[in-house]
Amino acid sequence: MSYLELSHVRKSFAGATAVEDFNLSIAQGEFISFLGPSGCGKTTTLRMVAGFELPTAGQITLNGKDLTFLPPNKRNVGMVFQSYALFPNMTVAENIGYGLKVAGKSKTEIKPRVDEMLGLIHLEKFGTRYPGQLSGGQQQRVALARALAIRPHVLLLDEPLSALDAKIRVELRHEIRRIQQQLGITTIYVTHDQEEALSLSDRIVVMSQGKMEQVGTPAQIYNFPETEFVAQFVGQINLLPVEVVNPAQGVVKLGQQLIQAGQFGHLNGNPVRLAVRPEELNPGFKEGANNLNGKVDTITYLGAIVRIRIAIEGHPVSLDIFNERKLKIPTIGDPYQVTFPVDACWLL
């Protein structure tokens, strides 16, 4: 059953459309990520849920209540910003309890709630410190605790980890997911980082130029992208210009090499794009699979992965191999054969 619903929501600024016909139903306790490049409308959509922006058209409802034109302080949503937005002259405990104080709660109500939040974010001994005495990761934990202290119906996070270094981002996103699941709070998370969205979310909304490109689980978004934009934006992808040879048998052609791509409805001679992920390709030959020949173009070390790019019929094709100490690396310019199963590729 839908808990938070956005129906035909649109937002325009001075005649320019920032968000167009946005429709989404979110279940109670669900973790949703808005994923897309800068300027795609994800933060604007989040701000409309928060009440900081009002829709030009459409409706936003929460548990059956119309929020569309309510001010932010009447919505009972918690917001966590990229910049932390902590009060530097207040202690950690005072920052966490600020929303409760504004709401008119008594000190006897505020203190146990603040203590509970400090325990939730594992900063029990930091209540008397000031934000300037904390690391960036600790400050963001405090910002999260402050948003949760008011017991919001919905938690909104606007790129909360983008100002932190890579290792802390990974640690803190696990904390965010742990806390969200522990509390069972409905959450919307805005990010341009595909790894964050894939690792955190129950469902992902991929956005581009103010529109929803695709909505689905992380597995659906990654394994079955519905548009070329989603295929390119989420993960690495090989997109090859091929020509349909035999639609009945699912055969296409890259240069002079044939590829079995499964059944499809395109006509003979039609140019289409064949998509296949680098991790689906393997070196060598395999009977009953697709086998292509080319030459090694570049080799890139990515830690646990070695990415080898092969020039095939004038087109770059990347494959990812798990790194190990005994891995035999080819030489640039060497002939190289790659293989991949029929069900690893699809046409766009």
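## Helix α1

Seven of the nine residues of helix α1 (residues 42-50) are buried, so the rest of the structure largely encloses this helix. The structure described here is a predicted model. The buried residues of α1 are Lys42, Thr44, Thr45, Leu46, Met48, Val49 and Ala50. Just after α1 comes glycine 51, which has a positive phi of about 100°.

## Helices α2 and α3

Helix α2 (residues 92-102) and helix α3 have axes that come within 9 Å and cross at roughly 125°. α2 is therefore oblique to α3, because an angle counts as roughly perpendicular only from 65 to 115 degrees and as roughly antiparallel only over 145. The crossing of α2 past α3 is right-handed.

Which residues of α2 and α3 make the contact? From α2 they are Val92, Ala93, Ile96, Gly97, Leu100 and Lys101, and from α3 they are Ile110, Arg113, Val114, Met117 and Leu118. Sorted by class, the residues of this contact between α2 and α3 are eight nonpolar, one polar and two charged.

## Helices α4 and α5

Helix α4 (residues 136-149) packs with α5 at an angle of about 20°, and the two axes are 11 Å apart. This angle makes α4 roughly parallel to α5, because angles under 35 degrees are placed in that group. The crossing of α4 and α5 is right-handed.

On the α4 side, the contact is made by Gly137, Gln140, Arg141, Leu144 and Leu148. On the α5 side, it is made by Ile168, Leu172, Glu175, Ile176, Ile179 and Leu183. The contact of α4 with α5 holds seven nonpolar, two polar and two charged residues.

## Salt bridges within helices

How many salt bridges does a search of the whole structure find? The search finds 11. One of them joins the side chains of aspartate 115 and lysine 111, at 2.9 Å from N to O. Both residues lie in helix α3 (residues 107-120), four residues apart, which is about one turn of the helix. An α-helix has 3.6 residues a turn, so residues three or four places apart point the same way. Aspartate 115 has a relative accessible area of 38% and is partly exposed, whereas lysine 111, at 53% relative accessibility, counts as exposed. The cut-off for exposed is over 50%, so a residue at 53% is placed in that class.

A second example is the salt bridge between the side chains of glutamate 175 and arginine 178, at 2.8 Å from N to O. Glutamate 175 and arginine 178 both lie in helix α5 (residues 166-183), three residues apart, again about one turn of the helix. Is glutamate 175 buried or exposed? At 14% relative accessibility, glutamate 175 counts as buried, because the cut-off for buried is under 20%. Arginine 178, at 25%, counts as partly exposed. Glu175 is also one of the α5 residues in the contact with α4.

## Other salt bridges

Aspartate 320 forms a salt bridge with arginine 307, and their closest N and O atoms are 2.7 Å apart. This pair links distant parts of the chain, with aspartate 320 in strand β18 (residues 315-322) and arginine 307 in strand β17 (residues 305-312), 13 residues apart. Aspartate 320 and arginine 307 are both buried.

Salt bridges can also join into a network here: Lys11, Arg47 and Glu53 are linked in this way.

## Two buried residues

Leucine 281 lies in the loop between β14 (271-276) and β15 (282-283). Its relative accessibility is 1%, so leucine 281 counts as buried. Which residues is leucine 281 in contact with, leaving aside its neighbours within four places in sequence? They are Asn238, Val276, Val317, Ser318, Leu319, Asp320, Val338, Thr339 and Phe340. Leucine 281 and phenylalanine 340 are 59 residues apart along the chain, and their C-alpha atoms are separated by 4.9 Å. Asp320, another residue in contact with leucine 281, forms the salt bridge with arginine 307.

Threonine 61 lies in strand β4 (residues 57-62). Threonine 61 has a relative accessible area of 17% and is buried, since the cut-off is under 20%. Leaving aside its neighbours within four places in sequence, threonine 61 is in contact with Tyr3, Leu4, Glu5, Asp66 and Leu67.

Terms used
Residues are numbered from 1 along each chain as its sequence is written. This is a predicted model: local features need pLDDT of at least 70, side-chain atom pairs count only at pLDDT 80 or more; totals for chains, interfaces and linings use all residues. Side-chain values use heavy atoms; hydrogens and water are left out. A salt bridge is a side-chain nitrogen of Lys or Arg within 4 Å of a carboxyl oxygen of Asp or Glu. Buried means under 20% relative accessible area, exposed over 50%, partly exposed in between (1.4 Å probe, protein chains only). Axes are lines fitted to C-alpha atoms, for helices over the stretch in contact, and angles run from 0 to 180 degrees between N-to-C directions. A crossing is left-handed if the near helix is turned anticlockwise from the far one by less than a right angle, and right-handed if clockwise. Contact means heavy atoms within 4.5 Å. Ala, Val, Leu, Ile, Met, Phe, Trp, Tyr, Cys and Pro count as nonpolar, Asp, Glu, Lys and Arg as charged, and the others, Gly among them, as polar.
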